[in-house]
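Please read it beside the sequence and the structure shown below.

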Amino acid sequence: MAISISTVLGSGSSKTIINTDVSDISLVNNGAITLQAIEIDNGSNTSASYIHLYNVNATTSVTAGTTAPTMVLPCPESAKIDYVFPQGLTFNTGIVMLGTSNFEAVTYTTTAPSNAVSVKMILG
């Protein structure tokens with residue numbers, strides 16, 4: 001897992017989050033924040049990948065295969081996809097992220113995608 005955080009120049013309090021391997025449960029932000037956009041790059045995989053986002057402030061609050069995600073964002077095989085939320089999506093506790101190879105909300109397998117999936121987020 002490799003997460004980097006940077007402030008977007010000229011954007012006030014916006015941050016860019018880059019996670020180059022979402023196969024582990026990762027803490028994105030440990031407090032209230034608004035998700036403005038997310039880019040999922042699944043170009044290295046021959047099957048779809050799914051990014052599960054949780055409105056929690058610690059990785060210990062998520063048990064893969066048990067905890068229901070707040071949102072699941074799919075990305076087709078061998079593709080890059082952007083989701084933009086013009087009004088923003090508020091996560092009032094924090095954001096924890098996990099990438100899997102299936103969509104099911106709670107009873108999904110915890111199988112990671114075959115290859116790395118890169119996720120970039122703009123938060124404000």
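From the N terminus on, the elements of the protein chain follow the order β-β-β-β-β-β-β-β-β. The chain has 9 strands and 0 helices; helices (H or I, at least four residues) and strands (E, at least two) are DSSP runs, numbered from the N terminus. This is a predicted model, in which local features need pLDDT of at least 70 and side-chain atom pairs count only at pLDDT 80 or more, while totals for chains, interfaces and linings use all residues. Residues are numbered from 1 along each chain as its sequence is written, and side-chain values use heavy atoms, with hydrogens and water left out.

- Of the 124 residues in the protein chain, 41% are buried; buried means under 20% relative accessible area, exposed over 50% and partly exposed in between (1.4 Å probe, protein chains only).
- Among contacts with a separation of 6 or more, 75% join residues 24 or more positions apart; contact means heavy atoms within 4.5 Å.
- The accessible surface of the chain is about 6000 Å², and 51% of this area belongs to carbon and sulfur atoms; the areas come from the Shrake-Rupley method with a 1.4 Å probe, and for residues only the protein chains shown count as cover.

**The four-stranded sheet**

- An open sheet of 4 strands has the order E3-E8-E5-E6, with antiparallel pairing; two strands pair if DSSP finds at least two bridges between them.
- Strand E3 (26-29) and E6 stand at the edges with a single partner strand each, so one side of each has no neighbour in the sheet.
- From one strand to the next, the twist averages 25°; axes are lines fitted to C-alpha atoms, for helices over the stretch in contact, and angles run from 0 to 180 degrees between N-to-C directions.
- E3 and E8 pair over 3 bridges in the antiparallel sense, and Leu 27 stands opposite Val 96 in E8.
- E5 and E8 run antiparallel and are joined by 5 bridges; the bridge partner of Ile 51 in E8 is Gly 99.
- E5 also pairs with E6 in the antiparallel sense, over 5 bridges, and Leu 53 stands opposite Met 71 in E6.

- Strand E8 is largely enclosed by the rest of the structure, because 6 of its 6 residues are buried.
- In a regular strand, side chains alternate between the two faces of the sheet.
- Both faces of E8 are covered, with Ile 95, Met 97 and Gly 99 buried on one side and Val 96, Leu 98 and Thr 100 buried on the other.
- Val 96 has a relative accessibility of 0%, and its contacts beyond four places in sequence include Leu 27, Val 28, His 52, Tyr 54 and Val 62.

**Nonpolar cores**

- The largest nonpolar core has 20 residues, and those with the most contacts inside it are Ile 38, Ile 40, Leu 53 and Met 121; such a core is a set of buried Ala, Val, Leu, Ile, Met, Phe, Trp, Tyr and Cys residues joined through side-chain atoms within 4.5 Å.
- Strand E4 (33-41), E5, E6, E7, strand E8 (95-100) and strand E9 (118-123) each supply at least two residues of this core, and the largest share, 4 residues, comes from E4.
- Apart from this core lies another, of 5 residues, including Tyr 54, Val 62, Val 96 and Leu 98.

- Ile 33 lies in strand E4 and is buried at 10% relative accessibility; its C-alpha atom is 5.9 Å from that of Thr 90, 57 residues apart in sequence.
- Ser 49 lies in strand E5 (residues 49-54) and is buried, with a relative accessible area of 1%.
- The side chain of Ser 49 makes a polar contact with the side chain of Asn 42 (2.8 Å); a polar contact is a pair of N or O atoms within 3.5 Å, where within protein one must be able to donate a hydrogen and the other to accept it, and residues adjacent in sequence count only if both atoms are side-chain atoms.
- Ser 78 lies in the loop between strand E6 (71-75) and strand E7 (80-91) and is partly exposed, at 48% relative accessible area.
- Most residues other than glycine have a negative phi, whereas phi of Ser 78 is near 50°, a positive value.
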